[in-house]
Amino acid sequence: MVTQKKHTRSETSWFRDAKWGVFTHYLTEADTSAEEWSDRVDRFDVARIAEQLRYVGAGYYFITIGQGSGHYCCPNTAYDSFVGITPSKCSKRDLVSDLYDALEPEGIKLMMYLPSDGSWGDAIASKRLGWKWGFKKDLPLGTSGTERTGERLAEFQLKWEAIVREWSTRWGSKVSGWWVDGCYFADEMYRFADSPNFESFASAMKAGNPDSIVAFNPGVLTPVISHTEYEDYTAGEIADAFPVCPGMNIDGAQYHILSYLGDSWCSGEPRFSDEFVVGYTKDVVSKGGVMTWDVPITHDGQIPQPFIDQLALLRGL
């Protein structure tokens, strides 16, 4: 009888020791021109945001590579070859590498937000990548009315993994972790013995740095769950219901929460009292959990001052 070897998760002690960090959605609309987007990315002031993150005491920083629009803040030849759009909607500047160069001297780890559904808002790109939309009822909490068709979409997944693998190998140890959005239909797309599956998707993200940590987002769920054994920490997306941290791990994955300080994701004014932000963060980290707060960001890469003032209250937790 052959016994299947249990998957070993990546080490997350550095993440737990970091205690809390900052997340920003650096995005644009699908109808933004390639030239306009690339120019905007060129104007992102990495030195300024590194200074802000050092000031507030953040242990790590998440930035979105892209989300649905087909625009990405770094080059990718695999993506360009699959979608065939010219000029490329991937920026000429590799913002991720430049961010690493600014953050590394401050001791701040760099982490990536990755959409699981690619360029769904770009009709040409999504068709050429093999993505399909459909209507599905009884969706998990936190998802919209128009979602997946119920298909596995293996062609799309294999192409998307190739794109992600190129990014990972380009950056290597510069990227310490990945947070994958939109993994709402795990049974349809990822829970298979053969690839593409959770394991192959995680492997693509770890291609350049096998020690990087990965989370797959199942949606807004309370209590927080671990979605698969192939994730190293919980995605932990929370909107309005803030759960009590049960401890360091959930089914072997590092406990982690992600929510927003503004009125919604990446927008608005601070919605919480200072006392709540400090108290909740302190409670999570005191029990061995990790807390990530999303804040708005300007086109040139600055966090608005009201959020800096609130984040700074977390220094030294």
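1. The model is a predicted one. Lys19 sits in the loop between helix H1 (13–18) and strand S1. Its phi is positive, about 75°, although Lys19 is not a glycine.

2. Cys266 is another non-glycine residue with a positive phi, here near 55°. It belongs to the loop between S10 and H10. With a relative accessibility of 31%, Cys266 also counts as partly exposed.

3. Two cis peptide bonds deserve a check. One joins Thr86 and Pro87, with omega about -5°; Pro87 is in the loop that runs between helix H4 (77–83) and helix H5 (95–103). Another joins Thr222 and Pro223, with omega about 5°. Pro223 is placed in the loop between strand S7 (213–216) and strand S8 (249–250).

4. The sheet is open and has seven strands, in the order S7-S6-S3-S2-S1-S11-S10, with parallel pairing. S7 and S10 are its edge strands, each pairing on one side only. On average, neighbouring strands are turned by 20° against each other, direction ignored.

5. What does S11 pair with? Strand S1 (residues 20–24) pairs with S11 in the parallel sense over four bridges, and Thr292 of S11 is the bridge partner of Gly21. Strand S10 (residues 256–260) also pairs with S11 in the parallel sense, over five bridges; here Asp294 of S11 is the bridge partner of Tyr260. Between S10 and S11 the chain passes through helix H10 (residues 274–286), and this β-α-β crossover is right-handed.

6. Is S11 enclosed or open to the outside? Five of the five residues of S11 (residues 290–294) are buried, so the strand is largely enclosed by the rest of the structure. Side chains of a regular strand alternate between the two faces of the sheet. In S11, Val290, Thr292 and Asp294 point one way, while Met291 and Trp293 point the other way; all are buried.

7. Helix H9 (residues 198–205) lies across S3, S6 and S7, and runs at about 140° to S7. H10 also packs on the sheet, where it touches S1, S10 and S11; its direction makes about 150° with that of S11.

8. Met112 is part of strand S3 (residues 109–115). Why does Met112 count as buried? Its relative accessible area is 0%, and the class needs a value under 20%. Apart from neighbours within four places in sequence, Met112 is in contact with Phe62, Ile63, Ile65, Val96, Trp171, Val175, Gly177, Trp178 and Trp179. Trp178 is 66 residues away from Met112 in sequence, yet their C-alpha atoms are 4.7 Å apart.

Technical notes
Residues are numbered from 1 along each chain as its sequence is written. This is a predicted model: local features need pLDDT of at least 70, side-chain atom pairs count only at pLDDT 80 or more; totals for chains, interfaces and linings use all residues. Side-chain values use heavy atoms; hydrogens and water are left out. Buried means under 20% relative accessible area, exposed over 50%, partly exposed in between (1.4 Å probe, protein chains only). Helices (H or I, at least four residues) and strands (E, at least two) are DSSP runs, numbered from the N terminus. Two strands pair if DSSP finds at least two bridges between them. A crossover is right-handed if, with the strands pointing away from the viewer, the path from the first strand over the helix to the second runs clockwise. Contact means heavy atoms within 4.5 Å. Axes are lines fitted to C-alpha atoms, for helices over the stretch in contact, and angles run from 0 to 180 degrees between N-to-C directions.
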